[in-house]
Amino acid sequence: MPDIKVAASILCADFTRLGDEIKKCEDAGVDMIHVDVMDGHFVPNISIGQVIVEAIRPITKLPIETHLMIENPWTYIDEFIDCGADVISIHAECYGQRREGCQNYGEFPKEVDSINIQQAHQDIKRIKSKGAAAVMVLNPGTPACLGGVEGDLDGILIMSVNPGFAKQKFMPSVLSKIVELRQSFKGDIAIDGGVNEHTAPEAVKAGANVLANASYFFGSEKPRDVVKYLKSLG
Ligand code: DX5
Ligand code: ZN
């Protein structure tokens, strides 16, 4: 069993005291700060961006992952790395022909059946050439269609909810995708969405080793116990 890494998504942090919330992550033993960047186009919500990454960069040594739920992510790769992101997570759904029913503005969730390997490879290479780690994210309805780029990636992130909001219900249907990917992929496999004490064991059993969560960690009175428990699953 691999070591489990815990990523705390600050989407559920108290933004009036963000510095204290980052400190809370550190004290609790979190491995990574997960920043959910949403543009209101790729997902039906708008959240936070570069200024927040810039604000937290000087106050923590923890790696910062930017989960880019945005259209045309390539437009912002350099900027997020320059702001201090260590990990850039880009969505497969930005690299392929979208399924019918999610091609237009306001139609969610975005899903694809395959990706343009060359285009994805180019952005992954760009992320890595700037010294950051590259992660490809799959929405629940998108199959494990990474074929040609798997070998270039530092990690794969499996969404276990349709992206856009915290506090949603975990979709167990994505577990088989983790099992499938784990057969060949040796890098980090992360799960994001609805991760809590009930769902995390299933995700780890399927092969995930990075557990991203927002409401479970920030909603707990005992964040240190949350991290301890999640890590005990490894
Ligand atoms: C969803 C985000 C998740 C979200 C997780 O679009 O990508 O990272 O913040 O929130 P919880 O853990 O509450 O499901
Ligand atoms: Zn996320």
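I take buried to mean under 20% relative accessible area, exposed over 50% and partly exposed in between, with a 1.4 Å probe and protein chains only. At 5% relative accessibility, Asp36 therefore counts as buried. His34, at 0%, is buried as well.

A note on what I am reading: this is a predicted model, where local features need pLDDT of at least 70 and side-chain atom pairs count only at pLDDT 80 or more, while totals for chains, interfaces and linings use all residues. Residues are numbered from 1 along each chain, chains are lettered from A and ligands numbered from 1 as written, and side-chain values use heavy atoms, without hydrogens and water.

Next, the metal. I looked up the protein donors (N, O and S atoms within 2.8 Å of the metal, or 3.2 Å for Na, K and Ca; water is not among the atoms, so sites may look incomplete). For the zinc ion (ligand 2) they are His34 (NE2), Asp36 (OD), His67 (ND1) and Asp192 (OD), 2.1 to 2.3 Å away. Their sequence spacing reads H-x1-D-x30-H-x124-D. The 6 donor atoms subtend angles of 71 to 170°, so the arrangement is octahedral (six donors, opposite ones over 155 degrees apart and all others between 65 and 115).

Last, the fold. I see 8 strands (DSSP runs of E, at least two residues) closing into a barrel in the order β1-β2-β3-β4-β5-β6-β7-β8, with parallel pairing (at least two DSSP bridges between two strands). I then checked β5 (residues 133–138) and β6 (residues 155–159), which pair over 4 bridges. Leu138 stands opposite Ile158 in β6.

Notes. Tetrahedral: all angles 85-135°; square planar, octahedral: opposite > 155°, others 65-115°.
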